[in-house]
Amino acid sequence: MDLKTLTYIVVGLSFALYIGIAIWAKAKSTGEFYVAGKGVHPVLNGMATGADWMSAASFISMAGLIAFLGYGGSVYLMGWTGGYVLLALLLAPYLRKFGKFTVPEFIGDRYYSNTARFVAIICLIFISFTYVAGQMRGVGIVFSRFLEVDITTGLLVGMGVVFFYAVLGGMKGVTYTQVAQYVVLIFAYTVPAVFIAFQVTGNPIPQLALGSHVAGENVYLLDKLNHVVTELGFSAYTSGGKSMIDIFAITLALMVGTAGLPHVIVRFFTVPRVRDARSSAGWALVFIAILYTTAPAVGALARYNLHATVQPGAVGSETGSLVYQERPDWMKRWEETKLIKFEDKNGDGRIQYYNDANKEFAAKADTEYGWKGNELTVDKDIMVLANPEIAKLPNWVIALVAAGGIAAALSTAAGLLLVISASISHDLLKGIVMPTISEKSELLAGRVAAAVAVLVAGYLGYNPPGFVAEVVAFAFGLAAASLFPAILMGIFSKGINREGAIIGMIVGLFFTLGYIIYFKGVFIKPMAENIAANWLFGISPEGIGVVGMALNFIVAFVVSKVTAAPPEHIQHLVEDIRIPKGAGTAVEH
Amino acid sequence: MSMNEKAAAYWKANLRLLLGCLAVWFLVSYGFGILLVDVFNQIQIGGYKLGFWFAQQGSIYIFVILIFFYASRMNKLDRKFDVHED
């Protein structure tokens, strides 16, 4: 059977599974639609959270980022896992005790203000839409490469499937679908990793392979990789990449941003008890860690295989570089997607792949080797997707990776669409505009809002504002600077009042938004070059959410000091959410 | 102890545990993996430089352990101060 047919079958079967689950788990009440009736077992919830959290960025892009950044890629590994510690310790149990449906609802109640709730809705919509655009784009890329349809068709099919189970099943449908999607995506991620780890090092466990010898040689993989890349003018794999302050800031922004992402927080509203919220965050991280500890091995092995392919002989020797006409089939296939490009600058018919941004090395390569510039551009997004082909794995593995990539993107998109729809039907409509709306109408409004959100997400996926990775950096920075501080202070301080929280969120949001737009441009032209010399404290736009967060804390504290303290019933509310006793199994509204 | 005193003592015990856990959280990632990475990279364990290992593997394992540790200690505190559910 050829690869295309096989991929259609595997992806088709996975879609049938998701839709089957959606029909089985159709939501009948607003409680089931928003928080799955608060009856999800903590281990299952952990698994669903894992799928919800691990997006197209984790599955498709992250290992590729690590492959090219080396040590610098650690920001994603620590940043996207450490946030769960903050969630489990600082937010999840208290929000579960609070026992309502949405993040803006908590902020609105704690700060006794519909204005605060409205500001939180705005932050949430900003964060979730920027994030969802990246997911739809990921679906499009996978479809166009593996099913050989154009990106638009891929987007439409992806939208259709998400539409079906998110709109019909609500949180209940999404939760159980995400459990299935987790199984698909983790299997798809680890199987090729195990094969490749075994091929290169003889050790099948990727986490150990990264610290092993290269098979048949008495040299460690990482040492050999350092040697290979530095010989081509790149910085060493196990060091370098970014400045220390920037690594620090980005890691912190990603951690805090993770803890402040509404679609992740809301997952902990679905478990039955406060104690389950704590352990469920642990389970979520276990399931996430399986992928996140595999990813650095995948990155290093992919980088190693790539160089071994294009530089089979000694660097600089006449026959050391790969002859273009003899390139492997996977390279030809990916050239069609334009994600890998070759340009024969010195006209020798061979591929010279090296770091020509390194001036010293480029000069040496020119005079000694006759190289006239780097000839190969490789999009980092293809490293995971092309990996099974590079390692010559059987077709069913490649089909599985396609299904896994789609599962990762769809599960995250569904979770995001759901918090968007809940914030519109529950917070905006029922909470602020029409408090008397019946549960049945609210459920209908939730479904309509989810449907509209799918359409907007599809449009954003088709016309993404900037590149996907930049867009995602936005979401984390904004979450770190706006929602996280407001929730944290709401739990751990009785003194922060309405005025402090509102002004704090606005300052954090606009500072971070402004800084990112200033350097990245998004809808306008960037106003300054995005280089370290121009950055505030040497912090790149990816990490600036940390400064936004600090501003939010300071402003909220100062404003609260000079305005009236929160009323007494709010003090009691805070005392109440701090102890687990009395958490209802299901909250009636 | 009255309910209010219990709640206050429980919160204090929780904060102490929290700060301890967060100190470990900070140390393994920002400490060993970032600020002191060059120092730890002097130590080699198998094919891994230790600082690099903390940044790309070790910190994640410790995060997982940390959450379960916190959850189990909190379950005990919940019972000790009689603020548990059910």
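Predicted model: local features only at pLDDT ≥ 70, side-chain atom pairs only at ≥ 80, totals over all residues.
**View 1. Chain B as a whole.** Three helices and 2 strands form the secondary structure of chain B, and their order along the sequence is α-α-β-β-α. The C-alpha trace spans about 55 × 20 × 15 Å along its principal axes. A compact globule of 86 residues would have a radius of gyration near 12 Å, whereas chain B has 18 Å. Of the contacts in chain B with a separation of 6 or more, 53% are between residues 24 or more positions apart.

**View 2. Confidence along chain B and in the complex.** The mean pLDDT of chain B is 89, and 99% of its residues score at least 70. For the complex, the predictor gives a pTM of 0.89 and an ipTM of 0.94.

**View 3. Chain A as a whole.** Chain A contains 23 helices and 4 strands. Its C-alpha atoms fill a box of roughly 80 × 55 × 45 Å along the principal axes. The radius of gyration is 25 Å, which agrees with the value near 25 Å for a compact globule of 589 residues. Buried residues account for 59% of chain A. Of the contacts between residues at least 6 apart in sequence, 81% join residues at least 24 apart.

**View 4. The side of chain A that touches chain B.** Here 42 residues of chain A are in contact with 34 residues of chain B. Two or more residues each come from α5 (74-98), α10 (221-231), α11 (244-260), α13 (274-310) and α23 (568-578) of chain A. Helix α13(A) supplies the largest share, 12 residues. By class, this side of chain A has 23 nonpolar, 12 polar and 7 charged residues.

**View 5. The surroundings of B:Ile67 and the largest nonpolar core.** The largest nonpolar core has 226 residues, and A:Leu185, A:Leu417 and B:Ile67 touch the most other members. Helix α8 (residues 151-201) of chain A gives the most to this core, 21 residues. Neighbours within four places in sequence aside, B:Ile67 is in contact with A:Tyr84, A:Val85, A:Ala88, A:Ala281, A:Gly282 and A:Leu285. In soluble globular proteins, nonpolar side chains tend to be buried together.

**View 6. A:Thr177 in helix α8.** A:Thr177 is found in helix α8 of chain A. This residue counts as buried because it has 29 C-beta neighbours inside 10 Å, and the cut-off for burial is 20 or more. Residues up to four places away in sequence not counted, A:Thr177 touches A:Tyr18, A:Ile21, A:Ala22, A:Tyr165 and A:Ala414. The C-alpha atoms of A:Thr177 and A:Tyr18 are separated by 5.4 Å, although these residues are 159 apart along the chain.

**View 7. Helix α18 of chain A.** Helix α18 (residues 439-462) has 24 residues. From its first C-alpha to its last it reaches 35 Å, close to the 34 Å expected at 1.5 Å a residue. Its buried residues include A:Glu442, A:Leu443 and A:Val454. Also buried in α18(A) are several glycines and alanines, among them A:Gly446, A:Ala449, A:Ala453, A:Gly458 and A:Gly461.

Note on methods
Residues numbered from 1 in each chain as written. Chains lettered and ligands numbered in written order. Expected span 1.5 Å × (residues − 1). Buried ≥ 20, exposed ≤ 12 C-beta atoms within 10 Å, placed from the backbone. Rg over C-alpha atoms; globule rule 2.2 N^0.38 Å. Contact = placed C-beta atoms within 7 Å. Nonpolar A, V, L, I, M, F, W, Y, C, P; charged D, E, K, R; others polar. pLDDT = per-residue confidence, 0-100. Core = buried A, V, L, I, M, F, W, Y, C linked by C-beta atoms within 7 Å.
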